[in-house]
Amino acid sequence: MSYGPNPWQQQNWDARAAGNFIGGGAGCGLLLFATLAGAGGTLRLLLIGAAVLLVGAGLLCVWAEIGRPWRAVNVMFNPHTSWMSREALLAPLLLGSAAASLWWPALQPLAALLAAGFLYCQARILQAAKGIPAWREPLTVPLLVATGVTEGAGLYWLAAPWFGQGSQGAWLAFGLLLLLRFAIGARWYRRLATQLRPAALSAVNQAGHGYNGGSLLPLAVVLVVLAAPLPPIAVAVLQALAGALAAAGGALFKLLLVTRAGFNQGFALPHIPVRGVRR
Amino acid sequence: MTRWTMVADLRRCVGCQTCTAACKHANATPPGVQWRRVLDMEFGEYPDVQRAFVPVGCQHCEDPPCMHVCPSTATKKRADGIVTIDYDLCIGCAYCAVACPYQARYKTDRASFAYGPSSDHERARHDEARLAVATKCTFCVDRIDSGLERGLTPGVDPEATPACVNACIAQALAFGDGDDPGSNVSRLLAENQSFRMHEELGTKPGFHYLWDRKDADDERPAEAAR
């Protein structure tokens with residue numbers, strides 16, 4: 001049994017902090033998926049450029065949030081235990097290798113590998129925030145990694161059809177990622193449902209709407225495109241729509257997870273002080 | 001070794017907030033920032049209701065999550081267990097604030113004063129270094145260190161003891177070396193039943209709450225004991 005005031009939404013990280021998870025997650029996912037899907041030509045340049053911009057924008061967001069931005073380099077001082085330091089150390093390598101791969105495609109696999117590391121660091125950053133039960137749940141790590149890659153796949157499919165690219169295998173992979181993201185999210189929510197107090201769970205629930213919509217709707221589109229004989233232009237439109245939904249759903253989920261569903265656990269007394277007559 | 005420890009006797013605390021006021025006075029914290037807070041908790045339903053006042057703040061954990069996540073190494077733990085913040089290293093990312101399960105950390109982006117414009121004493125004690133960085137209870141580490149240099153005993157000699165403990169009107173707060181079996185806090189912990197906040201998280205706080213005597217189980221009615 002425990003007692004105590006109800007938890008409340010953390011006020012330290014706002015949309016700017018969420019922006020780092022949104023931009024970084026989608027950018028890294030995009031770099032990964034574009035590499036695995038074998039994007040080529042102009043599309044490759046466009047997607048890698050977009051990935052660099054997204055990751056950079058995310059970092060700019062978090063830079064705008066920190067209290068002492070001109071000391072930002074100190075963020076790299078504690079790679080021994082801080083996932084934020086590890087993320088910060090990977091950032092220049094990732095951005096540098098990704099930008100260089102625009103001219104030297106041989107560097108793209110290295111950039112993709114660094115993107116995977118960066119994405120993993122981001123997931124661990126949130127999971128290491130022990131003060132927020134919804135974030136510290138261990139499944140937060142695979143959840144954020146899965147949603148980042150899925151958002152990246154969504155962005156790939158938002159652009160690829162217009163360049164005549166995007167294989168059947170990549171479309172199938174996109175569907176599987178959506179399914180995986182939904183499955184991890186559902187399991188994450190079930191675990192939280194047994195731990196969180198009502199107000200916190202209700203906030204997680206609201207974040208989950210965008211998440212579910214951003215997974216199930218595009219998944220339905222994936223199945224329609226796979227099953228129904230459609231004219232090429234309709235296929236392209238549906239693929240772009242599914243991609244946009246997948247990316248937007250993930251971004252909305254992360255925004256709400258940070259800014260609305262970041263409830264702390266409040267305070268709890270396992271024992272009430274014994275005063276006066278014993279009960 | 002020394003392990004500075006604070007003990008709050010929940011049976012004694014009357015919720016007067018004198019510790020909060022003493023802390024603000026000693027540390028010149030701005031409005032809205034309370035390194036030592038006292039929670040007012042109510043339990044049960046009418047007519048069987050109870051109330052408890054719970055002093056909270058930095059728990060100076062043995063395994064502090066704030067220190068592990070801190071990317072700048074601004075948050076450190078001393079050998080005596082006190083968790084400190086180097087204001088000159090801190091970048092104000094507030095990662096420690098979301099990592100702390102005790103909501104003990106504050107970040108104030110702009111200077112603010114109790115009545116709008118700053119008064120003379122507020123100007124005199126204003127510290128730019130504490131703006132836009134993380135701040136929290138220090139266990140009045142400066143008092144402890146200077147007291148030790150003068151041969152005083154923290155927790156016994158007021159000049160070497162945290163301000164909140166000195167100010168407590170009910171002697172609900174006690175401070176001392178938890179590793180010294182003869183210290184006041186060790187004696188209190190030996191004689192009473194205690195718990196630490198959110199112990200399941202494994203942070204091993206240096207802040208203990210007393211809630212009953214150790215020999216009280218025999219006196220409790222059988223029904224309640226079940």
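The contact between the chains takes 44 residues from chain B and 38 from chain A, where two residues are in contact if their C-beta atoms, placed from the backbone, lie within 7 Å. By class, chain B's side of it has 31 nonpolar, 7 polar and 6 charged residues. Here Ala, Val, Leu, Ile, Met, Phe, Trp, Tyr, Cys and Pro count as nonpolar, Asp, Glu, Lys and Arg as charged, and the others, Gly among them, as polar.

This is a predicted model: local features need pLDDT of at least 70, side-chain atom pairs count only at pLDDT 80 or more, and totals for chains, interfaces and linings use all residues. Residues are numbered from 1 along each chain as its sequence is written, and chains are lettered from A and ligands numbered from 1 in the order in which they are written.

Next, Asn264(A). Is Asn264(A) buried or exposed? Asn264(A) counts as buried because it has 23 C-beta neighbours inside 10 Å; the cut-offs are 20 or more other C-beta atoms within 10 Å for buried, 12 or fewer for exposed, and partly exposed in between, with C-beta atoms placed from the backbone. Beyond its neighbours within four places in sequence, Asn264(A) is in contact with residues including Pro7(A), Trp8(A) and Gln103(B).

Last, the core. The largest nonpolar core has 155 residues, and Tyr156(A) is one of those with the most contacts inside it. Such a core is a set of buried Ala, Val, Leu, Ile, Met, Phe, Trp, Tyr and Cys residues joined through C-beta atoms within 7 Å. Not counting residues up to four places away in sequence, Tyr156(A) touches Leu30(A), Phe33(A) and Gly243(A), among others.
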